Structure formats: C-alpha cells, structure tokens
Amino acid sequence: MISSGPSLDRPFLTVNNLGVAFPTEDGLVRAVDGVSLTLERGKTLAIVGESGSGKSVTAQAIMGLVNRKAAQVSGEIWLDGQELIAMPEDEVQELRGSEIAMIFQDPMSSLHPFYRIGDQIVEAIRAHRPVSPRLAKREAIEMLRHVGIPAVERRVDAYPHQLSGGMRQRVMIAMALINSPALLIADEPTTALDVTVQAQILELIQRLQGEFGTTVILITHDLGIVADVADEVAVMYAGRIVERAPTAILYDHPEMPYTLGLLSSVPRMDRAALERLEPIRGNPPSPINLPKGCVFQPRCNYWERVPMGACLSARPELLASEPDHLVRCHLHVEERQRIAREVLAQLAGAPQ
Amino acid sequence: MTVETSEILNVTNLRTYFPVKSRGIIPRTIGQVKAVDGIDLKLASSETLGLVGESGSGKTTAARTILLLVRPTEGRIEIDGQDVTGFSTKALLPVRRKAQMIFQDPYNALNPRHTVGSIIAAPFRVQGVTPPGGVKNAVLDLMERVGLNPEHYNRYPNEFSGGQRQRIGIARAVALRPKLIVCDEPVSALDVSIQAQILNLLRDLQQEFGIAYLFVAHDLAVVKQISHRVAVMYLGRIMETASREVIYSAPLHPYTHSLLSAVPIPDPKRQRHRSRIVLQGDLPSPIDPPSGCVFRTRCFQAQEKCAIEVPPLVEIAPGHKVACHFPIEAKDLPARVEVEDIELQEEAPAAGAPATGPGLQTPHA
C-alpha cells in the first residue's frame with residue numbers, strides 16, 4: 001500500500017489515513033474514516049458514492065475547506081511534497097486558488113451575484129499574482145474565450161444571473177484554472193446541467209486537463225461520467241473507500257458487493273431494458289450508529305458465505321486483490337470474483 | 001395478461017402559454033412563453049409513456065396541464081373518455097380520483113406537520129370514500145404494499161429518508177386505485193440504489209392495478225427502463241415519438257440522436273468509442289423561438305427549408321412519428337459531429353456576415 005517513509009518519486013498526491021469527524025449532540029459522526037489514496041500527476045481520479053458516503057467531505061478536506069473548529073481532521077495529505085493538514089491556515093489559503101482549485105455543483109452559489117464575472121476572475125488572478133488590473137482583465141478575457149464563452153468582450157461585464165447554467169459552469173472553470181493549479185477538484189460539476197450541456201462541460205474539462213497537465217479529482221454519483229473520463233476510481237461507502245482500481249478493471253472485474261450493487265442498480269441505455277432492476281436492498285446506515293462489522297453487511301447479499309460471521313464482527317481492511325486493485329471485503333478473493341462474474345453475466349445477458 | 005386495455009388519456013393540440021408582462025405601474029403583456037405548443041398524446045391502461053427533454057422543453061408544464069394544475073391555453077384533454085378541459089376545480093374532484101400525480105421532490109410534496117398515516121389517508125378524506133374495512137386498515141395495507149413499515153403509521157415525514165418519502169407519495173397516489181398517474185421526475189432526487197427500488201415498485205403497482213403512467217424525466221436511461229413508448233420534447237413541441245425499442249435503437253430525429261449520444265454509458269470501453277454529437281450552446285429562449293423548426297439552431301442536419309417551414313409530426317412507420325425535414329438513421333451519422341450554435345455566432349461582432357446556416361464541422365478521424 002502506501003509507504004509513509006520519504007521517497008524521491010513520491011506520487012503527486014498522497015492521502016494517508018484521512019479522518020474527518022464531526023461531534024454532534026447524538027454522537028461523533030465519522031464522515032470520513034481512514035481514507036488513503038495516491039494519484040499521479042495529470043491523471044483523473046473519480047470518487048464515486050451515494051449521498052452520505054463522505055466523497056464531498058474528502059474533497060473538502062483536501063481543499064482545506066473543512067472547518068477546523070467544527071470538525072476533527074486527522075491523517076496526512078501530501079500534495080507535491082507539502083503536508084496540508086498540519087499547515088497553518090494562511091499558508092493553505094495561499095495554496096487554495098493557486099495550487100489547488102475547486103469547482104462545485106451549483107455555479108450560481110459559487111459566483112458572487114453582485115460582481116461582474118470578469119471582475120471576479122481578475123480578483124482571483126490578483127489575489128495570487130502581482131499583475132496590473134489591465135493585464136489581469138486581458139488575461140481573464142483570454143481565459144473566458146478559451147473555455148468557450150461566446151461574445152467574450154460583451155460577456156466579460158455580465159453578472160452571473162445573466163448567464164445560463166452551462167455558461168456559469170464555464171466561468172467557474174475559467175476562474176478555477178486561471179492560476180494554472182496543479183490539482184483541480186470537481187465536485188459533481190455537471191449534476192445540475194442538462195445532458196447535452198454536461199457533455200460539453202466534460203469535454204471542456206478533459207481538453208483543458210490535456211493542455212495544462214492538471215491533475216483532476218472528480219466527485220460524482222454517475223457511473224456513466226466515471227466511465228467517460230476517469231483513469232482511476234475509488235468507490236466510497238459510509239465514509240470509507242471500499243474498492244479502488246483503474247477504471248477499466250473496476251467496470252470489468254468489480255469485486256466488492258457494493259460496487260456490484262451499484263452497477264446492477266443503474267438502468268442501462270446501451271442494453272435491452274431488464275424486466276426488473278436489481279437494487280441494493282435497504283438504506284444506507286446512519287453515520288452515528290454504524291454496523292460493528294463491515295459497514296455494508298446489512299445490505300450485502302453474500303455475507304453469509306463468509307465463515308464465522310466475520311462480516312458481523314470485524315471491519316474488513318482495504319487489501320490488494322491485484323497489485324493496483326484494492327478491495328475492502330471479507331469474502332475470499334476467488335469467491336467474490338465468481339460472484340462478480342455471475343452478476344455481470346446476468347446483467348449482460350438480458351434477453352431483448 | 002388478461003388486463004383489458006382501454007384508452008385512459010387522450011390529449012389533442014395542447015397549448016400552454018404564459019404571458020410575459022412589461023415592468024412599470026401598468027404592466028402590459030408584451031409577449032408569450034409558449035411552454036407547450038401543440039402536442040398530442042395518447043395513453044392506454046397498463047401503459048407507460050416516457051416524456052423526455054431538457055430543462056425548458058415544456059415537459060413538466062405539459063404534465064401539469066394534463067392534470068389541469070395549470071390551465072391550457074388551447075386544446076382538449078380527455079381522461080378516461082371524458083373531456084375535462086373546461087372543468088371547474090369543483091367539477092375536477094371526481095376526476096382526481098382517476099388521475100393522480102407523483103412529484104419530484106418528496107421533501108416538499110408532503111406536509112411536515114401531518115403523520116404518514118394522515119398523509120396517506122388524505123385522498124379518502126378529500127373524496128369522502130370509506131374503503132371496506134375502514135380507512136386505517138386501507139392505509140396500513142398501502143404502507144405494506146409500497147414497502148413501508150406499517151408500524152411507522154404515526155411518524156412524521158422528517159423521520160424518513162428520501163426514498164421512503166417517495167414511497168409515502170406513491171402510497172398516497174395509488175390509494176384510490178387511479179387509472180392514470182402523472183410522475184414528474186419521481187426518481188431524479190434519489191440515489192441510484194434507491195432509484196432502482198422505486199422504479200421496480202412503480203412497475204409492480206402498474207402490473208397489479210393496470211395503472212397508466214405519464215413518466216416525465218430527463219434521464220434517458222431511467223425512461224428506457226420504465227417506458228413502453230417515449231415522446232421527445234424540445235421547446236414545447238414533440239420532435240419524435242415511438243415505441244421504446246425504436247426510440248433507443250432506430251431514432252430518426254437529429255435531436256433524439258443528439259440526446260442519446262450525450263448520455264454517458266457506464267462502460268468505459270463502449271463509452272470511449274462511441275460516435276458523438278456535441279451540441280454547443282443552450283436551448284433558445286421560448287419567448288422568441290426560432291422560425292420554422294425550433295431545433296434548427298442546434299441541428300447538424302439543418303438547411304434553408306428548416307428556417308422557413310415548421311416540420312409537421314409525420315407518421316413514418318406505424319407508431320413512429322417524426323417532426324423533421326431531414327431525418328437521419330443512426331448508421332448514417334458521422335463518427336463525430338460538432339454543432340455550433342448559430343444564435344451564438346450571430347452575436348459575434350461581425351453582424352453583417354452572411355448567414356451560412358449552422359456550422360457543421362465534421363473532422364474526419
């Protein structure tokens with residue numbers, strides 16, 4: 001797994017045993033519990049999960065956006081040789097917007113409604129670089145043109161409400177990339193958009209990533225988007241990574257029953273419709289009262305195949321099934337591979 | 001199946017326009033938003049018609065107009081053989097017994113101060129119906145039927161998850177055994193694992209009670225899962241309608257092709273080697289829709305004729321209707337099409353540039 005010792009060719013991003021816990025009246029909510037991951041420069045990692053899985057909190061922790069007064073943050077986040085969790089707030093602030101940038105689901109709430117979009121980008125430039133207002137504005141216009149805003153000379157003085165949702169998301173992307181950050185975190189960037197606009201925005205992110213060599217973490221619930229753009233996938237459930245693999249491996253040879261459940265839940269446009277979908281039964285667990293054993297056990301169809309009821313009593317570790325394929329499951333490797341083959345064959349073999 | 005099929009819904013030439021008022025002390029009507037602009041729909045019992053389109057296509061307004069939650073500007077709505085178009089709110093009461101609605105947001109559709117039992121019993125109260133065995137027993141049966149624990153009869157909506165709240169909404173909608181349920185984006189606010197549960201439940205209820213669904217959604221994969229027939233809307237009009245199989249495997253309208261091509265498929269190998277039609281820009285304003293075919297400003301097939309003549313919705317094969325001057329089969333699509341939005345080009349500084357139609361770029365791979 002991850003070596004904690006110093007290494008010359010350390011990956012660009014290393015997250016080590018990240019924990020984010022919120023004390024509440026009802027008890028401690030461990031939104032993120034022991035998340036570790038590594039990411040090479042220029043690659044795209046998708047973090048997939050349902051609501052409450054901890055995927056957004058993980059992103060916010062990397063971005064340094066988790067309120068330290070309200071939450072207990074533990075572990076290490078190494079970005080390009082710098083550790084972020086122990087770093088003083090003002091230094092994190094300096095990195096944010098220059099080294100790391102983020103785009104959100106709802107661009108309307110991330111853009112200031114009272115300022116012209118051009119001025120907001122100028123501010124982002126001048127917060128990190130000593131550039132004259134005139135040059136900054138020229139740079140802003142150039143970037144807006146680059147992200148595909150039509151009639152830029154006029155639009156640069158528009159207010160956010162004067163733009164459509166897709167245009168606003170383009171402005172957000174322009175603002176996020178204006179200081180050439182090394183890492184871009186995109187949290188559900190297309191969830192609020194129509195499919196045709198979503199396709200435009202995903203293509204734009206990929207194109208700019210290619211041009212600038214940006215490393216991207218994409219947070220999403222949509223397995224179609226992951227298949228489209230990600231190099232690597234981490235599947236999260238109840239605050240933990242339950243499976244992690246290169247994209248092609250995750251879709252062709254998933255092993256964790258939760259991943260299988262997700263793949264069988266989504267209706268497929270490219271296949272004949274099934275008579276019935278195979279949903280995951282039940283509901284996600286309450287974060288205050290997590291199961292003692294495997295967090296997925298109450299919804300898992302296969303836990304009874306593990307001897308001694310291990311799934312009820314012991315938390316499984318995230319272990320390598322193949323060198324770059326990590327799975328958090330008590331089932332024997334061969335057993336879960338056999339289950340996956342059966343489930344996938346059933347999904348693919350649906351009669352017309 | 002021995003369920004007798006009969007026509008439950010017949011909508012002809014439905015139009016819903018909203019006035020646009022000027023600002024000032026005495027507002028004048030200065031225009032109209034043609035949210036729904038002349039659509040025909042038919043629906044039989046035990047049948048699901050999927051109504052798809054992007055935001056602003058008018059699909060939700062159409063759904064609401066059909067249940068007369070919004071009054072139509074023009075057209076005729078028949079529910080179970082009865083013309084209900086001009087009915088007063090009072091006269092509609094017995095119609096509501098036959099036609100119900102399920103909403104997108106299960107958080108806003110339930111009264112937070114009422115218990116689940118009271119919410120599901122509301123249709124019986126409002127309609128003055130006492131089912132055999134009493135209201136309470138009927139409600140408990142309904143809760144069981146939709147997968148809720150009947151012991152939770154006295155709980156409030158905030159004690160339930162999103163998926164469970166949607167089940168409450170469904171129990172309320174099926175309480176009086178309606179013949180038609182209009183579902184407006186019923187699963188789009190739910191997580192995928194829960195979404196599949198609700199889709200299965202809707203299908204089970206349809207098979208048990210013979211309910212017809214008008215299923216409004218933007219998610220084409222969900223619509224494929226649940227629908228028998230599909231109608232594709234754009235700017236208030238139906239562009240193409242056909243059986244599910246035809247819409248998804250042999251569509252002819254360029255807009256249908258564009259929509260299908262934009263939905264990412266959860267299979268990396270297939271997804272990365274698909275032909276793509278990338279539409280630029282957004283839907284044009286419905287206040288000032290393009291002349292002729294409303295889709296022409298984003299269409300890769302558009303020619304001069306499209307700006308002049310509105311293409312009628314023509315039946316090309318039995319049950320397959322297309323509103324397009326230049327329909328195209330999937331096999332004739334290029335590997336990649338990029339469609340520039342001509343509206344956007346017209347905004348560019350050189351206003352005097354000759355209008356050359358939509359810029360079709362086909363970089364050959």
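Chain A of this predicted model has a mean pLDDT of 91, with 97% of its residues reaching 70 or more.

**Confidence**

**Domains**
- Chain A splits into domain 1 (108–180) and domain 2 (257–348).
- Between the C-alpha centres of those two domains of chain A there are 44 Å.

**Two packed helices**
- Helix α7 (residues 165–177) and helix α8 (residues 195–212), both of chain A, pack with axes 10 Å apart and an angle of about 15°.
- Angles under 35 degrees count as roughly parallel, so α7(A) is roughly parallel to α8(A).
- The crossing of α7(A) past α8(A) is right-handed.
- On the α7(A) side, the residues that meet α8(A) include A:Gln169, A:Ile173 and A:Leu177, while α8(A) brings in A:Ile201, A:Leu204 and A:Phe212, among others.
- Sorted by type, the residues of this α7(A)–α8(A) contact are eight nonpolar, four polar and one charged.

**Where chain A touches chain B**
- Chain A puts 38 residues into the contact, and chain B puts in 40.
- On the chain A side, the elements giving two or more residues are α8, α9 (223–229), α10 (247–252) and α11 (257–265).
- The most comes from α8(A), with seven residues.
- That side of chain A has 19 nonpolar, 12 polar and seven charged residues.

Key. Residues are numbered from 1 along each chain as its sequence is written. Chains are lettered from A and ligands numbered from 1 in the order in which they are written. This is a predicted model: local features need pLDDT of at least 70, side-chain atom pairs count only at pLDDT 80 or more; totals for chains, interfaces and linings use all residues. Axes are lines fitted to C-alpha atoms, for helices over the stretch in contact, and angles run from 0 to 180 degrees between N-to-C directions. Helices (H or I, at least four residues) and strands (E, at least two) are DSSP runs, numbered from the N terminus. Angles under 35 degrees count as roughly parallel, over 145 as roughly antiparallel, 65 to 115 as roughly perpendicular and the rest as oblique. A crossing is left-handed if the near helix is turned anticlockwise from the far one by less than a right angle, and right-handed if clockwise. Two residues are in contact if their C-beta atoms, placed from the backbone, lie within 7 Å. Ala, Val, Leu, Ile, Met, Phe, Trp, Tyr, Cys and Pro count as nonpolar, Asp, Glu, Lys and Arg as charged, and the others, Gly among them, as polar. Domain bounds come from an automatic or database domain assignment. pLDDT is the predictor's confidence in each residue, from 0 to 100.
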